[in-house]
Amino acid sequence: MTTDRNAKTKLIIYAGGIFVCYFYFAVLQEKITRGQYGDGENKEKFTYTFVLVFIQCLINYCFAKVMLAVLNQGEDTTSTFYYASSALAYILAMVCSIMALQFVNYPTQVVGKAGKPIPVMVLGVLIGKKVYPARKYVFIILIVTGVILFMFKDNKPTVKQTDDQVGFGECLLILSLLMDGITCAIQDRMRAEYKTKSGHMMINMNMWSVLFTGVAIIVSGELLAFIQFLQRHPNCLWHILSFSIAGALGQHFIFLTIAEFGPLTCAVVTTTRKFFTVLGSVLLFGNTLLPRQWIGTVIVFTGLALDALYGKTASTKKGTIK
């Protein structure tokens with residue numbers, strides 16, 4: 001009885017940590033990327049995507065370094081190429097996702113990114129030679145239907161946009177999903193070939209991400225422009241640091257949930273969290289959704305919940321990956 005009570009208490013704490021950290025993370029992400037800094041005619045938007053990803057990955061790396069020292073997960077023999085390539089795909093996924101917020105609102109980004117199982121499943125079949133049960137295809141079709149319904153554009157846009165801007169945010173989300181799929185496919189290879197532990201994966205991927213984004217912000221000149229932006233709007237630095245710390249803590253609670261209760265429980269918690277993130281964005285930032293989009297949102301998260309509950313049975317492989 002005491003053990004069950006302790007387990008329930010831990011689950012409540014971990015789930016609460018995921019909800020609080022990622023809700024705060026979502027609020028700050030929308031504030032940074034879609035808000036404006038300054039007063040009057042001096043208002044300007046934050047457009048330094050690579051800097052934002054660099055700081056986030058740097059804080060994740062420092063956090064992972066501490067956790068790995070505490071957990072001591074042993075020696076790591078994973079190929080450096082796998083870490084570097086997965087980090088590159090991971091960066092591109094994050095950059096595209098953040099850049100999309102300049103063209104679409106946060107609920108659209110969340111619902112669009114909820115389609116992540118689609119590229120993961122497709123690449124799992126094409127690259128990993130996996131075979132999934134029929135019900136998983138049904139759940140994925142449900143998610144696709146909801147995403148299409150949500151993102152279907154009306155004939156008369158509610159926001160004045162140029163022809164080039166219409167649909168560009170959605171294209172960035174699709175590219176981000178593709179990169180997510182590639183990242184997961186490479187991570188599957190790591191686990192299959194090297195039994196890579198989560199701590200080693202987190203620290204090495206973030207290390208390579210810091211290196212890649214560091215080069216990008218120096219070569220592109222974004223670092224100098226960002227420093228000048230901070231001089232004009234110093235309060236932005238606190239937003240970015242808070243955003244990154246919330247993301248790192250949220251990741252930690254996710255790993256704790258997986259370790260203690262398994263990926264199924266974690267998937268249910270994170271799916272529920274995403275739905276409430278959409279609601280929070282609507283309430284806090286005045287992002288209005290059409291009835292059609294609400295229906296699409298419900299369909300997407302229903303598909304995700306069903307997949308989390310019934311679609312996680314181990315898939316088989318047609319052949320061994322070489």
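The N-terminal end of helix α3 is capped by Ser79, a side-chain oxygen of which lies 3.2 Å from the backbone nitrogen of Phe81; a polar contact is a pair of N or O atoms within 3.5 Å, and within protein one must be able to donate a hydrogen and the other to accept it. The model is predicted, and local features need pLDDT of at least 70, side-chain atom pairs count only at pLDDT 80 or more, and totals for chains, interfaces and linings use all residues. Residues are numbered from 1 along each chain, and side-chain values use heavy atoms, without hydrogens and water.

Helix α3 covers residues 80-100 and reaches 30 Å from its first C-alpha to its last, close to the 30 Å expected at 1.5 Å a residue (1.5 Å times one less than the number of residues). Of its 21 residues, 15 are buried, so α3 is largely enclosed by the rest of the structure; buried means under 20% relative accessible area with a 1.4 Å probe. In the chain of 322 residues, 46% count as buried. The chain contains 12 helices and 4 strands, which are DSSP runs of at least four residues (H or I) and at least two (E), respectively.

Contacts of Phe46 (heavy atoms within 4.5 Å) include Ile32, Leu52, Phe226 and Ile240, not counting residues up to four places away in sequence.

Terms used: Buried means under 20% relative accessible area, exposed over 50%, partly exposed in between (1.4 Å probe, protein chains only).
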